[in-house]
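Reader: I have some questions about this fold. Please show me the sequence and the structure before we start.

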Amino acid sequence: MSAVEINFDGLPGPTHNYAGLSVGNVASQSNFGEVSYPRAAALQGLEKMRRLMELGLPQGFLPPPRHPAAQALRAFGFRGGEDEVLAAAAESDLALFRAACSASSMWRANAATVLAAPDTADGRVHLVTANLSGMLHRSLEADETWALLKRVFPNEDRFAVHGPLPHGRHFGDEGAANHMRLAASHGAPGVNVFAHGESRGGAYPERQSRRASEAVARLAGLAPERTLFALQNAGAVQAGAFHNDVVAVANGPVILAHPEAFADPARLYGELHARLPNLQVVETFGVSLEDAVASYLFNSQLVSLPDGGMALILPSDARENAAAWKAVEAVLAADNAITQAVVVDVRESMRNGGGPACLRLRVPVDGPARAAIDPRFLLDAARWETLARVVEAHWPEKIAAGDLVKPELWTAAREAHAALEAAIA
């Protein structure tokens, strides 16, 4: 079956800021309190989308939820108009208020786990919305993301959009950031690898539970031969690989991984080779876990090019890290399907701990499924220009730490969301 993969990138929202909310995310913690640049963040994200379009790849986008999230704060007992709710929360619980201002929804790899139609029991594409229960600020996104995914993928004959799993530490689900699909092609039956943590102690939490991954597989009706579960390497988690996509990325029959990405890589690769004879495992050597986390080398997008071969869509930080770039050059020179490296600037996202792969949700579709997607969320040159104009006109240039509590910022954010929604409609 002929199929393509569409990357749906998250558009960074107008409240993009550095509140240091993500424990275990080295960049998020180290940039706490710094000045952020929401307009630049959104334009950098859009430029990355355009680069993929220039490569001949279909490209989608997912708008941010309306933040500051006054409605979410009402669930905690705050009452009154929107500004009254926000002011009361800022006064009585600043941490909760900051969570409601987060723009972390830009990292749409955490929106859902996507299971391709050739692998599922009913032959539909399944999207299981992530509950993101491990972090307060991210857990506030789950229901809004579910509603958005139903809006973008409304055709129930082609798509099954599931709500988030029940919240709780036993079912912590971080979405596609801990899922890899390997197959001969996007339209061929594949093997789904679910990376997960477990309670092993340490300074940083292990966010994806095996129970959650097993539940996702059951919801999509994945057969056992289409499913593998792989424990994350504890050292990688404690080095800052809070999601598996910080140390491994896969596309088609190729997996690019740090040698310490998994607790038992020999077992995993052996099982993959048995199920996928044309598997290519590309491991990098000479890149420490610290360099991997600092450069986000493995948080690159690995995409299939229309004329054959694959391209790595790398953050500029990987180009500037000597060890990471040496590894890239070695990969390009070796005998594998990766033939091209494309460097993009997503520094505003990187400073909060999200690289190119974090910014996108991968959705493999055949022709009828692609036609069933709401076209307002698929980019062409004209729609890209419209989004760029909205961002340039309405996104704040910068946000300092103290700006989050200012009503004028809340008003500006509401106006930006309204302008974006008008452009989509």
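Reader: In the hairpin of β9 and β10, which residue takes a positive phi?

Author: This is a predicted model, where local features need pLDDT of at least 70, side-chain atom pairs count only at pLDDT 80 or more, and totals for chains, interfaces and linings use all residues. Residues are numbered from 1 along each chain as its sequence is written, and side-chain values use heavy atoms, with hydrogens and water left out. The hairpin has two residues between its strands. The one with a positive phi, near 55 degrees, is G252.

Reader: How many bridges pair β9 and β10, and in which sense?

Author: Strands are DSSP runs of E with at least two residues, helices are runs of H or I with at least four, and both are numbered from the N terminus. Two strands pair if DSSP finds at least two bridges between them. N251 has V254 of β10 as its bridge partner. Between β9 and β10 (residues 254-257) the sense is antiparallel, and the bridges number four.

Reader: Are the faces of β9 covered or open, and by which residues?

Author: Buried means under 20% relative accessible area, exposed over 50%, and partly exposed in between (1.4 Å probe, protein chains only). In a regular strand the side chains alternate between the two faces of the sheet. In β9 (residues 248-251), A248 and A250 are buried on one side, V249 and N251 on the other. Both faces are covered.

Reader: Which residues have the most contacts inside the largest nonpolar core?

Author: A nonpolar core is a set of buried Ala, Val, Leu, Ile, Met, Phe, Trp, Tyr and Cys residues joined through side-chain atoms within 4.5 Å. The largest has 42 residues. A second, separate core of 40 residues includes A112 and F377. In the largest, the residues with the most contacts are L182, V193, I255, F262, L268 and L272.

Reader: What is the strand order in the open sheet of three strands?

Author: The pairing is mixed. β3 and β5 (159-162) each have a single partner strand, so one side of each is left without a neighbour in the sheet. β3 and β4 (residues 125-129) pair in the antiparallel sense over four bridges. The order is β3-β4-β5.

Reader: Is A103 buried or exposed?

Author: A103 lies in the loop between α5 (94-101) and β3 (112-115). Not counting residues up to four places away in sequence, A103 touches G13, T15 and H16. Its relative accessibility is 10%, so A103 counts as buried.

Reader: How many disulfides are there?

Author: A disulfide is a pair of cysteine sulfur atoms within 2.5 Å. C101 counts as buried because its relative accessibility is 1%. C358 counts as buried at 4%. By the sulfur rule, the disulfide count is zero.

Definitions and conventions. Contact = heavy atoms within 4.5 Å.
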